[in-house]
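Here are a few exercises to work through with the model open. Try each task before you read its solution.

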Amino acid sequence: GFSVIAALLIMIVVPHTVFADQSKETAAIPAAESFLQLVDSGHYAESWEATSSLFKSHVSKQHWVEQLEQMRPLFGPMITRKIKDRHYTKSLPGAPDGDYVVIQFTTEFKNKKSSIETITPMLESDGTWRVSGYYIR
């Protein structure tokens, strides 16, 4: 009796954290995808509006728009984008501890066949995932 129940409890408790992380990863993906749609369609100011308060405190809207206006057209239109990797983490270099999901997309643009886009949504205090970082290489 008892040992079987204890083993079952351990089995239930251990994977739960994995599932909790996976559900966070899943919840963060739409924030990343809607952000990318704004960037792809040239709505740079709106993409800044969709970022986290952390991001906004580090990058002004004007600076963000100027950077994207210079860089993004060089890549040309997006052709395909697939999730390569995603992982949940509580800490990132240079950022306060919190709930983050680092998502990597392999993206093909018209002028750059193989790019990696790294987007990091974070869970804000209002319960909404918003992008806190975006890198493309």
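**Helix on sheet**

Helix α4 (residues 61–75) lies across β1, β2 (100–109), β3 and β4, and runs at about 55° to β4. Helices (H or I, at least four residues) and strands (E, at least two) are DSSP runs, numbered from the N terminus. Axes are lines fitted to C-alpha atoms, for helices over the stretch in contact (heavy atoms within 4.5 Å), and angles run from 0 to 180 degrees between N-to-C directions.

This is a predicted model, where local features need pLDDT of at least 70, side-chain atom pairs count only at pLDDT 80 or more, and totals for chains, interfaces and linings use all residues. Residues are numbered from 1 along each chain as its sequence is written, and side-chain values use heavy atoms, with hydrogens and water left out.

**Exercise 1.** Work out the order of the strands in the sheet.

- Start with the sequence pattern, α-α-α-α-β-β-β-β.
- Next, trace the open sheet: its four strands go β1-β2-β3-β4, with antiparallel pairing. Strands count as paired if DSSP finds at least two bridges between them.
- Then find the edges: β1 (78–89) and β4 (129–136) each pair on one side only.
- Finally, zoom in on β3 (residues 115–123), which six bridges join to β4; Thr118 has Tyr135 as its bridge partner there.

**Exercise 2.** Is Leu38 buried, partly exposed or exposed?

- Locate Leu38 in helix α1 (residues 2–40).
- Apply the cut-offs: buried is under 20% relative accessible area, exposed over 50%, partly exposed in between (1.4 Å probe, protein chains only).
- Leu38 has 22% relative accessibility, so it's partly exposed.
- Check its neighbours: leaving out residues up to four places away in sequence, Leu38 touches His43, Glu46, Ser47 and Ala50.
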